[in-house]
Amino acid sequence: MDLITLEEIRRLKARYLRCVDLKLWDEFAEVFTEDAVAEYDTPVLGKTLRLGGRDAIVGYMRKNLGPGKISTHTASSPEIDIDGDRATGIWALDDSIIIPESRLLIRGAAFYHDVYRRGDDGAWRVEKTGHTRTYEYMVSLDDMPSLRFTAGT
Amino acid sequence: MDLITLEEIRRLKARYLRCVDLKLWDEFAEVFTEDAVAEYDTPVLGKTLRLGGRDAIVGYMRKNLGPGKISTHTASSPEIDIDGDRATGIWALDDSIIIPESRLLIRGAAFYHDVYRRGDDGAWRVEKTGHTRTYEYMVSLDDMPSLRFTAGT
Amino acid sequence: MDLITLEEIRRLKARYLRCVDLKLWDEFAEVFTEDAVAEYDTPVLGKTLRLGGRDAIVGYMRKNLGPGKISTHTASSPEIDIDGDRATGIWALDDSIIIPESRLLIRGAAFYHDVYRRGDDGAWRVEKTGHTRTYEYMVSLDDMPSLRFTAGT
């Protein structure tokens with residue numbers, strides 16, 4: 001068992017998720033291979049969102065998770081398999097998107113199916129990421145009239 | 001410190017939880033010893049649910065978490081102690097059960113107390129699992145009239 | 001990569017969080033150095049809460065998270081860097097505080113920024129902990145009139 005690679009891949013995923021939730025888009029780009037592909041199950045858009053290439057992935061996130069949209073991603077229960085310079089990872093995801101201005105909360109869970117690749121520089125990057133939803137719902141914050149943000153807005 | 005066993009046990013728990021949330025009951029059976037015992041603190045039923053034997057555990061889940069019931073289990077903060085071919089594990093759990101047809105959401109947190117055993121084949125399995133609730137509540141989705149599922153139903 | 005130290009620090013954090021959520025204040029004291037500092041971003045109080053010294057941290061928690069207040073802390077995505085007998089750790093946090101008697105739910109997410117120190121006895125302890133909130137909101141449980149606790153009260 002390649003324990004060091006396991007740590008490197010867990011840390012790569014941690015960085016990926018932190019960059020999304022803190023909107024660190026320049027650093028976010030560093031986690032992907034140039035030819036990376038993302039396939040997010042996005043039922044709220046009525047489809048699977050397919051993004052080809054690092055620039056498309058980063059550009060999409062930069063545009064669609066900009067200021068005014070709060071996201072939190074909790075990834076747990078990794079199942080990582082390493083095969084030379086490639087590896088796969090399954091993760092449980094629990095996520096929320098909150099758009100205070102639109103009074104909207106999107107809440108859900110999913111399983112990620114990732115592929116990682118080790119570059120010539122020895123660093124692991126995300127070659128493919130995608131998730132399949134267990135559930136997702138949208139609800140208006142107006143259903144909870146007492147709700148008051150104390151941070152994030 | 002036996003780092004490889006730590007990884008094996010974390011992965012065993014990940015597989016256990018993934019099989020529950022994806023309803024993979026045949027694979028779920030593989031995580032348990034034949035004589036496994038489960039004791040779930042299930043206040044919504046007014047008692048601790050005690051299941052003796054792998055078949056009883058799997059049968060209960062298959063029956064009670066069937067199609068139409070969404071579950072998500074986020075386990076974090078493992079504290080694992082290994083003693084030869086046995087090990088114990090404490091995990092923090094954050095879980096939800098959603099039953100759209102009954103308009104019901106059950107939400108809670110708990111701490112798992114698990115016992116794991118290494119078999120003659122070298123594989124770790126769950127010999128005992130159980131959890132004690134920090135809290136649990138039930139709420140009707142009718143309290144959030146705007147709530148609309150976009151996946152999972 | 002010092003894999004054993006990584007495990008020790010993850011376990012230290014797990015113990016810290018379990019002690020908070022189970023209100024094990026005597027054991028909670030053991031995770032800190034005597035000169036530990038905590039800086040929690042606590043917008044609900046309108047400020048960053050700064051606590052200097054192990055006794056101040058433990059005393060604050062003992063007083064403010066006593067019986068009648070339910071807390072759950074889910075920490076994920078650690079990014080730990082070790083430098084000799086010191087280490088830093090970033091963690092994603094998803095937390096809730098529920099105060100049934102006040103009919104109050106406080107929900108939020110944050111990123112922890114911790115510093116750990118290895119003592120002369122070889123044990124790692126928290127020298128500094130703090131978090132910055134991604135978001136936080138308060139909501140009255142009266143907005144969900146059907147909500148009924150089945151555990152934790």
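These legends walk through several close-up views of a predicted model.

Residues are numbered from 1 along each chain as its sequence is written, and chains are lettered from A and ligands numbered from 1 in the order in which they are written. In this predicted model local features need pLDDT of at least 70, side-chain atom pairs count only at pLDDT 80 or more, and totals for chains, interfaces and linings use all residues, while side-chain values use heavy atoms, with hydrogens and water left out.

**View 1**
Let's start with how the copies are arranged.

**View 1. Where chain A meets chain C.**
Here 29 residues of chain A and 28 residues of chain C make up the contact (heavy atoms within 4.5 Å). About 2400 Å² is buried between these two chains, with carbon and sulfur atoms giving 59% of the area; buried area is the accessible area (1.4 Å probe) that two parts lose on being put together, summed over both. On the chain A side, Glu7(A), Arg11(A) and Thr150(A) lose the most area to chain C, together 23% of what that side buries. The rule finds three salt bridges across this interface, a salt bridge being a side-chain nitrogen of Lys or Arg within 4 Å of a carboxyl oxygen of Asp or Glu. Glu7(A) pairs with Arg10(C) in a salt bridge, at 2.8 Å from N to O. Helix 1 (3-22), strand 3 (70-83) and strand 7 (148-151) of chain A are the elements that give two or more residues to this side, and helix 1 of chain A gives the most, with 12 residues. Helices (H or I, at least four residues) and strands (E, at least two) are DSSP runs, numbered from the N terminus.

**View 2. A network of charged residues.**
Glu7(A), Arg10(A), Glu7(B), Arg10(B), Glu7(C) and Arg10(C) are linked in a network of salt bridges. Over all chains, the structure holds 60 salt bridges.

**View 3. Where chain A meets chain B.**
On this side, 28 residues of chain A are in contact with 29 residues of chain B. The two chains bury about 2400 Å² between them, 59% of it on carbon and sulfur atoms. Three salt bridges are found across the interface. Asp81(A) and Arg11(B) form a salt bridge, with their closest N and O atoms 3.1 Å apart. Helix 1, strand 3, strand 4 (86-99), strand 5 (104-118) and strand 6 (124-140) of chain A each supply at least two residues here. Strand 6 of chain A brings the largest share, eight residues.

Ile57(A), Val58(A) and Met61(A) are the buried residues of helix 3 (residues 54-64) of chain A. Buried means under 20% relative accessible area, exposed over 50%, and partly exposed in between (1.4 Å probe, protein chains only). Seen down the helix axis, these buried residues fall within an arc of 90°, so they line one face of the helix; the arc is that of the directions from the helix axis to the C-beta atoms. They pack against helix 2 (25-29), strand 1 (32-42) and strand 2 (47-52) of chain A. The face turned away from the buried side carries the exposed residues Asp55(A) and Lys63(A).

**View 4. Salt bridges within single chains.**
Asp26(A) and Arg62(A) form a salt bridge, the closest N and O atoms being 3.2 Å apart. Asp26(A) lies in helix 2 and Arg62(A) in helix 3 of chain A, so the pair ties together parts 36 residues apart in sequence. Asp26(A) is exposed, at 59% relative accessible area, whereas Arg62(A) is partly exposed at 42%. In chain B, Asp94(B) and Arg107(B) form a salt bridge at 2.8 Å between the closest N and O atoms, and both residues are buried.
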